Amino acid sequence: MIYLDYSATTPMSLDVLDSYDKASREFIGNPNSLHSLGVKSKELISSATKQISELLGVSESEIVYTSGATESNNMALLGSAMAHRKRGNHIVVSKLEHPSIYAICDYLKELGFEISYVENDQDGLVDFEDLRSKIRPETILVSICAVNSELGIREPLKMIRQIIKKENPETIFHSDMTQALGKIPVNVKDVDLASFSIHKVYGPKGIGLLYKSNLVRISPLIQGSSKESSLRPGTPPVPLIAASAKAIRLGIQDLDRKETFIKKLNEKIVEELQDLEGITINSTKYSIPHILNISLENIKPETFIHAMEEYEIFLGTNTACASGDVSSTIMAVYKDEERAKSTIRISLSYLTTTEEINRFLNCFHIVYKKLNALVV
């Protein structure tokens, strides 16, 4: 099997699985319980949270556990909107966000909030002047992802923050950092709120994080009683939290070495595919090497993906959450609907081998030639 859909999800690391298994077996108490088993579980959560906070360079009180980035995005956007609606009703987002962000924005529009979509340049970077012009006194939140999930475009968050805070110091800055953690260095201090999903960094599915600066106020989406978090009440998932700390620690190790290797794999693929007739490379100079996006002329992406699957090679289209849809990201960058209908996402990992890429390319040529022959 050759897996090239790491941006959709990653396999769970054996070391992380070991932490999950150990916590599941040895820490059975509810961390909200007063007895010794509960205290033991609570101490494990505290230890994991301390480790995560040190790895991200934030305070322990600024870490909120969620079920994943989609919940974190909801908590950030809806929580900010509800907490600050008396101050304003205006929210700004980019055109390169994960589908969950747009679904939340559609819901907020139904509640009476105004959403503005900031333009980007031809390489996918946020248009700074357009962003500046869209921030108003009533703008309560700006949400711009750190790395786009389809093209892998990396946004300069520090510069974006400076623009936002200069125009309106009270505007909250949120970033979906799901595709950034474990791929590039992240500085959550560049933002006020940041979303993460642990299954993107070789950890378990079903848990994510929201970094929330202590200087920012948001409203809870769930009501309940909890000693751990007023924002996310309920029984904390002890094994998932323990595994998250291990996943993040391992995920951010040796980033430069991992990126250098992945870049070589990316360049090898591009060199082989860029001159093939009917194939367009969509990734830009600001795309991280972990994500390579291409468009196929006259071949449906799902047809190509299923054909490659016969060789046990697994690829993606756009994001897994919007699979089969016209790519809003490609439309935003290239304004080309045909190109946006035919995208393939090849996402790489430090686990990917040169031998796997050689076999992938060999099978790619076979499938591409076969499918092209069927086009009338």
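Seven strands form an open sheet in the order 2-8-7-6-5-3-4, and their pairing is mixed. The edges are taken by strand 2 (63-66) and strand 4 (114-118). Each of these has a single partner strand, so one side of each is left without a neighbour in the sheet. On average, neighbouring strands are turned by 20 degrees against each other, direction ignored. The model described here is predicted.

Within the sheet, strand 6 (residues 172-176) pairs with strand 7 (residues 193-197). The pairing is parallel and runs over 3 bridges. Here S175 stands opposite A194 of strand 7.

Helices pack on this sheet. Helix 2 (residues 36-56) touches strand 2, strand 7 and strand 8 (208-212). The direction of helix 2 makes about 115 degrees with that of strand 2. Helix 4 (residues 99-110) lies across strand 3 (90-94), strand 4, strand 5 (139-143) and strand 6. Helix 4 runs at about 145 degrees to strand 4.

A search of the whole structure for disulfides finds 0. C105 is in no disulfide, and the nearest cysteine sulfur, that of C145, is 12 Å away. A disulfide requires the two sulfur atoms to lie within 2.5 Å. C145 is likewise in no disulfide, with the sulfur of C105 as its nearest cysteine sulfur. C105 has 0% relative accessibility and therefore counts as buried. C145 has 4% relative accessibility, so C145 also counts as buried; the cut-off for buried is under 20%.

Technical notes: Residues are numbered from 1 along each chain as its sequence is written. This is a predicted model: local features need pLDDT of at least 70, side-chain atom pairs count only at pLDDT 80 or more; totals for chains, interfaces and linings use all residues. Side-chain values use heavy atoms; hydrogens and water are left out. Two strands pair if DSSP finds at least two bridges between them. Helices (H or I, at least four residues) and strands (E, at least two) are DSSP runs, numbered from the N terminus. Axes are lines fitted to C-alpha atoms, for helices over the stretch in contact, and angles run from 0 to 180 degrees between N-to-C directions. Contact means heavy atoms within 4.5 Å. Buried means under 20% relative accessible area, exposed over 50%, partly exposed in between (1.4 Å probe, protein chains only).
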